[in-house]
Amino acid sequence: MTADPEGMTERQMAWVIGRINEQVNQTKSFIQSAAEFHVRDLKATEARLIFWCGVIVTIGFASAGFRIGAIGVAAVVIMRCYWWTWYTDRFNGRVNHFRARFRDLLEKAEDSNQTMLSEDKEFLQKYTESVLFPLAAPRSDVILPRDLVHFETLYREYNGWHRWHKDGCKLCAAAQSVRGHLNNAISKIETTISENRQGLIAGIDGRKPEAAVHATAFLGDFCEYERSKRHPQLATLVDKEYWTFEEAEDVLRLYRKEEEEYHRSEKNRSQVLEKLPAEIEEAAFRCKLAEVWWSYQEARRAILEVEPIRRFLRRRDSEALFREMAEGGPNAWWSQSDVLRSFGYDRSMVERAIKSANKLMLKESQSKEYEKQLGAANLTFSWYNARKAQ
Ligand SMILES: [Zn+2]
């Protein structure tokens, strides 16, 4: 290999970077195991201390002739030591299982043959350090209980079908009906949007002043802003008084996006955004399309609320689907959305399905074991976080 970095081939560079990463990970792993060993050592010292104190007290009782007292203390000490060893072994075993499952998932994320969603990959990579080397990870990288819960969802999704699945699986039936119900509502919203939009485009076509959006009220502001070539695609609208529905919608979309990007306050809002929606509504009135415009607006609001639903509808495994739906808690979108109801969405039906799915999932012994592992990991990571915060 040459000493000149510019002379290195890409493959050589990749090899060097790979070696460095390997070294870094080994160091982190070393720090983590050293810290864990230290914690275990402390616990062992505590157990030994209790043991020897117990022995001294027992001898004291025995030499004073209190036989029952001596036997009682000896029994308590032995039980405490045994129980403690058994408990910590089991607890540590659970945390290690949790980590093993995380590693397993990480391998799947890096395997190009697996079809993992890119946002799931990003999530796993973001928390790799915090899960595998929590004490070596920076303080800012703490892992929160809700992240661990999401990790469990991903594990269900990418670990093959839920293992307790059988013919006539009730969980899959519940998932199927929830999926069908939600997809129905979504497609109703989408149809409403596209039909109403077609109607508005056909009506407000800008050929006559009555069938156009009047831009006079804000044209001055618009031209001033656009003359510095903000949006080349809007160049034809500069100085144009009568806009078609499509043109007005393009302007709305671009200006709203810009407003979001720059986090403009209500005060600094562009005059165009302030006046354009009202002008579109006026045009819709003139064309007798006011109802269509209102319904279009409502469907557009509904489609925004549908975004989180789409996210969990992508889960293929029924268990992962219900877990992700429950991640938002009881106050998630479905307990609040009124907009969706007008598109046939039945909140109580979905809530009932979630409840019965939760019952079914809790009944499975495998799920119970996973929950215990999650609980142990949760306690361990909050302990690490508290140490790091000090
Ligand atoms: Zn099933």
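User: How confident is the model, and which element has the highest mean pLDDT?
Analyst: This is a predicted model. The protein chain averages a pLDDT of 83, and 93% of the residues score at least 70. Among its elements, helix H1 (residues 10-63) has the lowest mean pLDDT, 77. The highest mean, 92, belongs to H5.

User: How many helices and strands does the protein chain have, and in what pattern?
Analyst: The secondary structure comes to 12 helices and 2 strands. Along the sequence the pattern is α-α-α-α-α-β-α-β-α-α-α-α-α-α.

User: Is the protein chain spread out or a compact globule?
Analyst: The C-alpha trace spans about 110 × 65 × 45 Å along its principal axes. Of the 390 residues, 21% count as buried. The globule rule gives 21 Å for 390 residues, but the radius of gyration is 32 Å, well over that value, so the chain is more spread out than a compact globule.

User: What does Ala-284 touch?
Analyst: Ala-284 is one of the buried residues of H8. Leaving out residues up to four places away in sequence, it touches Leu-200, Ile-204, Leu-289, Ala-290, Val-292 and Trp-293.

User: Which elements do the buried residues of H8 pack against?
Analyst: H8 has 16 residues and reaches 23 Å from first C-alpha to last, close to the expected 22 Å. Its buried residues are Val-272, Leu-276, Ile-280, Ala-283 and Ala-284. They pack against H5, strand E1 (213-214), helix H6 (219-226), H7 and H9.

User: What are the buried residues of H2?
Analyst: Helix H2 (residues 67-110) has 44 residues. From its first C-alpha to its last it reaches 64 Å, close to the 64 Å expected at 1.5 Å a residue. The buried residues of H2 are Val-73, Arg-94, Phe-98, Phe-102 and Leu-105.

User: Where is Lys-288, and what is its phi?
Analyst: Lys-288 sits in the loop between H8 and H9. It counts as exposed because it has 9 C-beta neighbours inside 10 Å. Although Lys-288 is a residue other than glycine, its phi is positive, near 60°.

User: Is Lys-229 buried or exposed?
Analyst: Lys-229 lies in the loop between H6 and strand E2 (242-243). Its phi is positive, about 55°, although it is not a glycine. Within 10 Å there are 8 other C-beta atoms, so Lys-229 is exposed.

User: How far apart in space are Gln-23 and Val-350?
Analyst: Gln-23 lies in helix H1 and counts as exposed, with 10 C-beta neighbours inside 10 Å. In sequence, Gln-23 and Val-350 are 327 residues apart. In space, C-alpha to C-alpha, the value is 50 Å.

Methods: Residues are numbered from 1 along each chain as its sequence is written. This is a predicted model: local features need pLDDT of at least 70, side-chain atom pairs count only at pLDDT 80 or more; totals for chains, interfaces and linings use all residues. Two residues are in contact if their C-beta atoms, placed from the backbone, lie within 7 Å. Helices (H or I, at least four residues) and strands (E, at least two) are DSSP runs, numbered from the N terminus. The expected span of a helix is 1.5 Å times one less than its number of residues. A residue is buried if 20 or more other C-beta atoms lie within 10 Å of its own, exposed if 12 or fewer, and partly exposed in between; C-beta atoms are placed from the backbone. The radius of gyration is taken over C-alpha atoms; the globule rule is 2.2 Å times the number of residues to the power 0.38. pLDDT is the predictor's confidence in each residue, from 0 to 100.
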